[in-house]
Amino acid sequence: MKKIGIFYGTTTGTTKDIAEMIGSELNVAENDIHDVATTSPSTVGDYDVLLIGASTWGDGDLQADMATWLDGVGALDLRGKEVAIFGCGDDSMSETFCNGVGEIYHRLHDAHPEFIAPFNNEGYEYSHSESDVKGMIVGLCIDNINHPDETLSRVREWCAIVKSEIV
């Protein structure tokens, strides 16, 4: 069985909550869920599957701890690793909704992982998102501010996709 590590960047705690929810759905041990503010990028070497998530801030910026951590991870060779991306945003910020998801994807692209578990943004109303890469949403986008009632079902649906792609 492939070993899953969850890595998240959080400022207000929402992305941490989503990471823990994902961990619960996928039966990931608590010590395999990592806050990137206190985790070395080299820790990804311990895992076959990396679930990486962060929030989007301000004018569409990636959460600060994640941005710094990705500098290190992006320099690694991630061939043979599967990466699934999740993130939090606010669809009322219609020009930058969940840009962090797209930024994680773009920053890791040259490290050559196998990206898995694209998802959809049905039910959200926005005009632009960096999470949409060539017509495909590259990960799970959560708006726990305006659509908290959809969070658990979206997490469960995405986790089912993750499970089916890493078997």
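Predicted model: local features only at pLDDT ≥ 70, side-chain atom pairs only at ≥ 80, totals over all residues.
His112 counts as partly exposed, because its relative accessibility is 40%. His112 sits in the loop that links helix H3 (99-109) to strand E6 (114-115). Its backbone is worth a look too: phi of His112 is near 65 degrees, a positive value, and the residue isn't a glycine. For context, most residues other than glycine have a negative phi.

Is Ala117 buried or exposed? With 0% relative accessibility, Ala117 counts as buried, whereas His112 is partly exposed.

Now for the cysteines. How many disulfides does the model have? The count is zero, going by sulfur atoms within 2.5 Å as the cut-off. Take Cys141: the nearest cysteine sulfur belongs to Cys98 and is 3.8 Å away. Cys141 is therefore in no disulfide, since a pair has to lie within 2.5 Å. Cys141 is also buried, because its relative accessibility is 0%.

Cys159 is another one to check. Its closest cysteine sulfur is in Cys88, and because the two sulfurs are 13 Å apart, they are too far from each other for a bond.

Notes. Residues numbered from 1 in each chain as written. Heavy atoms only, no water. Helix = DSSP H or I, 4+ residues; strand = E, 2+ residues; numbered from the N terminus. Buried < 20%, exposed > 50% of the residue type's maximum accessible area, 1.4 Å probe, protein only.
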